[in-house]
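Here is a short report for a reader new to this structure. Look over the model first, then read on.

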Amino acid sequence: MSQKPLVYDAPRPEPRANTPEGLAAEILAKLTYSVGKDPIVARRYDWLRATILAVRDRIIDRWMESTRQTWRNGDKRVYYLSLEFLIGRLSRDAMSNLEMMGPVREALKTFGVDLDDLISLEPDAALGNGGLGRLAACFLESMSSVEVPAYGYGIRYAHGLFRQETSDGWQVELPEDWLEHGNSWEFERRESAYEVGFGGHVEAVEDDKGVVHHKWIPAEHLNAVAFDTPVVGWRAARINTLRLWSAQAIDPILLDRFNEGDHVGALEEAARAVAITRVLYPNDATAAGQELRLRQEYFFSSASLQDIVRRHLQQYGDIGSLADKVAIQMNDTHPAISVAELMRILVDEQDLEWEDAWELTVNTFGYTNHTLLPEALESWPVAMLERLLPRHMQIIYAINAEVLAAARDKLKVDDRHLSNISLIDEAGGRRVRMGTLAFVGSHSINGVSALHTDLMKQTVFSDLNALFPGRINNKTNGITPRRWLMQCNPRLTRLIQDRIGPEFLDRTEALEALSAHAADKGFQEQFMAVKHENKVDLARLIKQRVGVTVSPDALFDVHIKRIHEYKRQLLNIIEAVAQYDAIRAHPEKDWVPRVKIFAGKAAPSYWNAKLIIKLINDVAKVVNNDPAVRGLLKIVFIPNYNVSLAESIIPAADLSEQISTAGMEASGTGNMKLALNGALTIGTLDGANVEMRQHVGNENMVIFGLTADEVADVRAKSKTPMAAFEASRDLRDAVQAIAEGAFSPDDRSRYADLMGGIRDHDWFMVARDFDAYATAQREVDRIWQDKARWASMAIMNTANMGWFSSDRTIRQYAEEIWAAKASEGNAG
């Protein structure tokens, strides 16, 4: 019998004034009484902290009211589990969404302090790496903007992935220090701490009715302590919570060992505990690295589920209503162990029958798949799971038995198909397939672009799709227009508002009205003038960061994303070498001046990706210093790509490189951000590029290369790319020059194996797509030389990107997966 929802209300504080005068007084008070500094001696960091605290007070009032409203209404809550949340700096985001940028700027002027200078001091939160984490951040902001009651759950990494520097062109990984001076946005919640266990054994106890109950007795324990950060929606429609877990030892020091003289050993348990939340994606090339990864994933999954169940029982008192009041979305396979953990909680702690617990689990979970790459669909050794999580391994075996029985009964399949469906991969060492666990434990499995979703059904999940028809659905990714237009490109935002009015600020689809002005010569000039100002800013940043002078009059050709062979930075740099040769061979031609801008991190254990970074820098060193090039081609690699750097590059980009091997990019969101800011896309028909073409128009993009079906066909034939080399002298010459050390005189064989992979198998279709890519780049040159055509295409890109708002995506999730309320509102 469910009890009546607990309703909590409290007196509401008086609204705070947002006048410059009122804010100036509050900032000064925070500086004096919270930071403890006299304004006479206060430094910029002190003013930043005081400003954040003053703004935070206004957030807290609304934050508490959002929470109370959910309790009063008994609304369904959404819980978004993600190992990454790439939230970037929060100051501008919060102030903009609270509509306080102007008043805060004026308030600080009274003290001779510049708001933009302060914002630049705020470190990027080191909580993610690439598109997965940035998507999670966009989704959290949109959930607040469209008023979906939600929590994000993740890990409070002390040092993030890594801070990237380059030394002699090589990537160097250093620890991030974003928490060195604390985090003024977060609140530690020591009352929300949960024990998380590892290892030990399982006891089977028979009750007086003959029913066997299982109890896990872990051998080691640690505490998961919550740190909450408010997530402000547009116009403060709602404020949700990002709850991050920090691992802490139950006993910070073993005093008996310390007093016996083992001073280091006395801290061993504490060091083992805090290691879990030190670094994002520890290198899993070793058994110890794999174990730490699994510990991370279980740690945050267990703490989150304990917190979710505790909150639900506190309000409703009945675990049976969990799926009616709770929706849990797993962002990729990292939280997949949550399926087994929720089953453990429901069966072992809440005493539910297995069938009831399984129905509740499946109806509660949704799973977003982000990749078709086998290495990214995680799997863990059975032996490791049995040692670290023995009860969970028992539950996984039980789930697997039921799934295989259902497959045998329903599909009448042979052993090969059963092997594909099984949660246990028996080939090459027994491993648990975490993607399969997430799939069978969820009522909804969504892809993140139409092409990706179709390929999921045809490839990695084809057998599971046959067993569970209807579970797979598509939810094309989106981006928040607040950060990726209004905040990062205020010049363009003002221009658009002056031309079509402010409706697009609340409803992004209203950008369509710009289409009517795409051919307007006056507006074209204004649009490109804004772009030029942004390029001047970026050129200044490039000079500061890497010491290379670039002209803002050149075409800014941007390739910014995680370094991976399928994202094909290698194709880009090989074509740049071919272009370098052509410029030197034909100085008489009317070449388009071009700046190739690369940024992105390579995983520490991914040698080829790190070698590609070195190659980019080696080629840049030669090209940028060759007087024969006459400045017509510049190449720069900007280290330590993060949200703040993206916010500087994206508004200045002319050309957006979205050139992944077709069929391998799930969606992409950088493509959306760049197009929204008026960059033309050169790309393959991969990921969300397909849907972008439908909205923007084929005539406003430059598409090239093999399709996903053609790539699959080529790979099936297992032929070498001999024909591509025979057909293209430019390809042969560029690859040979790189392989023989023309750009690495200190180590002539440095790139021999990298180029050999292209010659031998060309898995990522670099050689096979080279000529099509080079032809597309020359088409880009022709469009650039027609200034009116380029401006019109750029405007049409901005005008037709409204559909790719993450507000639209979240409304689809809320309606079609979560059965949660979302406001129609204005945001979107």
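M64 counts as partly exposed, because its relative accessibility is 44%, a value between the 20% and 50% cut-offs. The residue belongs to helix α2, which covers residues 44–73. This is a predicted model.

M64 also gives a sense of distance across the chain. A791 lies 727 residues away from M64 along the chain.

## The chain as a whole

The chain has 828 residues, and 60% of them count as buried. Its secondary structure is made up of 34 helices and 22 strands. The radius of gyration is 27 Å, close to the 28 Å from the globule rule for 828 residues, so the chain is as compact as a globular protein of that length. The C-alpha trace spans about 95 × 75 × 65 Å along its principal axes.

Take the contacts in the chain with a separation of 6 or more: 76% of them join residues 24 or more positions apart. The accessible surface is about 32,000 Å². Carbon and sulfur atoms supply 50% of that surface.

## Aromatic pairs

How many aromatic pairs does a search of the whole structure find? The search gives 22. In one of them, the ring centres of Y194 and W245 are 5.8 Å apart and the planes meet at 75°, so this pair is edge-to-face. The cut-off for that label is over 60 degrees.

The pair of Y194 and W245 links distant parts of the chain. Y194 is in strand β5, residues 187–198. W245 is in strand β9, residues 239–248.

## Charges over rings

R295 places its charged end over the ring of F198, 4.7 Å from the ring centre. K673 lies over the face of W484, and its distance from the ring centre is 4.7 Å.

C138 is in no disulfide, and its nearest cysteine sulfur, that of C488, is 11 Å away. From the side of C488, the nearest cysteine sulfur is that of C138, also at 11 Å. A disulfide would need the sulfur atoms within 2.5 Å.

Are these cysteines buried or exposed? C138 has 1% relative accessibility, so it counts as buried. C488 has 12% relative accessibility, so C488 counts as buried too.

## Positive phi in two loops

R235 has a phi near 55°, a positive value in a residue other than glycine. R235 sits in the loop between β8 (220–232) and β9. Its relative accessibility is 35%, so R235 counts as partly exposed.

K412 is not a glycine either, yet its phi is positive, at about 55°. Where is K412 found? The place is the loop between α14 (390–411) and α15 (415–421). K412 counts as exposed, because its relative accessibility is 63%. The cut-off for exposed is over 50%.

Definitions and conventions
Residues numbered from 1 in each chain as written. Predicted model: local features only at pLDDT ≥ 70, side-chain atom pairs only at ≥ 80, totals over all residues. Heavy atoms only, no water. Phe/Tyr/Trp six-rings, centres within 6.5 Å; stacked < 30°, edge-to-face > 60°. Helix = DSSP H or I, 4+ residues; strand = E, 2+ residues; numbered from the N terminus. Lys NZ or Arg CZ within 6 Å of the ring centre and 35° of its normal. Rg over C-alpha atoms; globule rule 2.2 N^0.38 Å. Buried < 20%, exposed > 50% of the residue type's maximum accessible area, 1.4 Å probe, protein only. Contact = heavy atoms within 4.5 Å. Areas by Shrake-Rupley, 256 points an atom, 1.4 Å probe, with all protein chains shown as cover.
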